[in-house]
Each structure stands twice: as structure tokens, then as C-alpha cells.
Amino acid sequence: FPLRCALCGAALLDDEPFWCGVCDAAMPRYFGDAAARFDGRVDWAASRVLLRHRGSPEVAALLNGFKYKGREGLALEIGRSMGRELSAFSIPGDVGVRPVLVPVPLHADKMKLRGYNQAERIAAGWSEVTGWPVLDVLVREATGAALAASDREERMGSQALQYRAAENGAEPEAHPLLMLSPPPSLVVLVDDVATSGATLEAVWAAVREVWDGPIAFGCAASP
């Protein structure tokens, strides 16, 4: 039996691992400054987003597949697409930017339930194409109800958005982010979707506890 597109069910060609070319062409790419939603609250060095999900049933099916239906491979493949399609990062004055990909963490309870962190799988696919290392070193302190329907203020005030960068008992200067050799020149936070920006803002604050260099973010999709 032929393999089927995870988004529309059509038969896949040999060079279509998860979704068909028709669905890929139908998924709108994101154009614009995704960092603008932060209104200057966060000093992002750069931002990269692959897809615009508002009004796209194909993007909605893709996100739903790896977030709620256990389709881990979809997250890995969208990360590969990010590596192929998104432009490289650049920093003024830095000729050879050395990014490190840092996925937004899941709480341990949700990780146990889902079996994987979709942000880490996206980062792994991105790394496959670019060669940039992935450093899974953040911890989500608390879990709570889904925040998808909440606005930014509600999300930022939620106890569910508590992250830390240092391991329990570890000094910030001993954090693995600072022990890489060669050292990175850019930390790229990786998540599946940037909506209000509250999660990325909370994670940015956690990374700032141990890292004073440039921070960027990259997401699979945004409205």
C-alpha cells in the first residue's frame, strides 16, 4: 500500500516523506517581523518563522498531528524544512555566527504523556540540515491548563509559565550553555508556534539568567 499524506491522505511520491507537494504548496509561508509582537519588551537579535497558520487547514493539520496525535516525525520534518527554507542568522560585527538551538521545554508530566517534546524534535530536524548543535538545557517548573485561548497578559501571569536555565544546585556560570566548545555566539530558542509570545518571553528571561549574549527565536508557525 502506498504511504499517505499526513495532511490530506493522498498517496505520497517517493521523495515525499510525510506530506504531499500539493499540501506543501498550500501551506502559506510567513513573511514579516515576528518579533514585532513583543513591542520592544525583549531584545531579540533575530526571528525566523516558516509558516503562517491562520486560515490554513493544512498548517492546522500539521500542528495538530505532532502536538496531539503522536506524529513525532511531522515535527522532525518541519524542522528540516526550516533548515532548508529559512535564511541563516546574521549578527552585526560577527562574521561567523555560531548558533546553538535551545528548544522550549515541556513539563515532565506532559513529556511522559506525549513521549517527546515537539520543540526538541523541530530543533533536531533543523540541526540535521544546518549542523547547528541542539542543547536541551531548560526546565519547565510547573504545568497547568492549556493556554492556547489565553491572551498574553493571562499567559504571563500563569504559574504554568515558569522556566529555569540552571540545574538544581548548579551555579549559573556552570550552566552547560556556557561550557560548549567552541562557544556559541547566538542562542536560538525553538518552539512550535509563536502566538502571543508569552512563552518565548518567559523562556528568554530564563536564558538571560545565564547568558548575556544575543538571543533569537525560531518557530514552525505563527498567526
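Reply: Let us start with one residue. D39 sits in the loop between α1 (21-26) and β1. Keep in mind that this is a predicted model.

Me: Why is D39 called exposed?
Reply: D39 has a relative accessible area of 63%. Exposed means over 50%. So D39 is exposed.

Me: What makes the phi of D39 worth a remark?
Reply: Phi of D39 is near 50°, a positive value, and D39 is not a glycine. Most residues other than glycine have a negative phi.

Me: Which other residue lies in the loop between α1 and β1?
Reply: R29 lies in that loop.

Me: Why is R29 called partly exposed?
Reply: The relative accessible area of R29 is 22%. Buried means under 20%, and exposed means over 50%. The value of 22% falls in between, so R29 is partly exposed.

Me: How do you know that R29 and L50 come together in space?
Reply: They are 21 residues apart in sequence, yet their C-alpha atoms are 5.7 Å apart. R29 also touches L50, along with D24, L51, R52 and E85, leaving aside residues up to four places away in sequence.

Me: What is the peptide bond from S181 to P182, cis or trans?
Reply: This bond is cis, with omega near -5°. P182 is in the loop between β4 (163-164) and β5. Most peptide bonds are trans.

Me: What makes α3 oblique to α5?
Reply: α3 and α5 pack at about 40°, and their axes are 6 Å apart. Roughly parallel needs an angle under 35 degrees, and roughly perpendicular starts at 65. So about 40° counts as oblique. α3 passes α5 in a right-handed crossing.

Me: Which residues of α3 and α5 meet?
Reply: Among them are A75, I78 and M82 in α3, and I122, W126 and V129 in α5. The contact has 8 nonpolar, 5 polar and 5 charged residues.

Me: Which residues touch the most other members of the largest nonpolar core?
Reply: They are L62, F66, I78, F89 and W126, out of 35 residues in this core. The elements giving two or more residues to this core are β1 (47-52), α2, α3, α5 (118-130), β5 (186-193) and β6 (215-222). A separate core of 30 residues includes A34, V42, Y163 and A165.

Me: Which residues does L62 touch?
Reply: L62 touches L7, W19, M27, L51, L74 and I78, not counting residues up to four places away in sequence.

Me: How many helices and strands does the protein chain have?
Reply: The chain has 7 helices and 6 strands. From the N terminus on, they run α-β-α-α-β-α-α-β-α-β-β-α-β.

Me: How much of the protein chain counts as buried?
Reply: Of its 223 residues, 51% count as buried.

Terms used: Residues are numbered from 1 along each chain as its sequence is written. This is a predicted model: local features need pLDDT of at least 70, side-chain atom pairs count only at pLDDT 80 or more; totals for chains, interfaces and linings use all residues. Side-chain values use heavy atoms; hydrogens and water are left out. A nonpolar core is a set of buried Ala, Val, Leu, Ile, Met, Phe, Trp, Tyr and Cys residues joined through side-chain atoms within 4.5 Å. Buried means under 20% relative accessible area, exposed over 50%, partly exposed in between (1.4 Å probe, protein chains only). Helices (H or I, at least four residues) and strands (E, at least two) are DSSP runs, numbered from the N terminus. Contact means heavy atoms within 4.5 Å. Axes are lines fitted to C-alpha atoms, for helices over the stretch in contact, and angles run from 0 to 180 degrees between N-to-C directions. Angles under 35 degrees count as roughly parallel, over 145 as roughly antiparallel, 65 to 115 as roughly perpendicular and the rest as oblique. A crossing is left-handed if the near helix is turned anticlockwise from the far one by less than a right angle, and right-handed if clockwise. Ala, Val, Leu, Ile, Met, Phe, Trp, Tyr, Cys and Pro count as nonpolar, Asp, Glu, Lys and Arg as charged, and the others, Gly among them, as polar.
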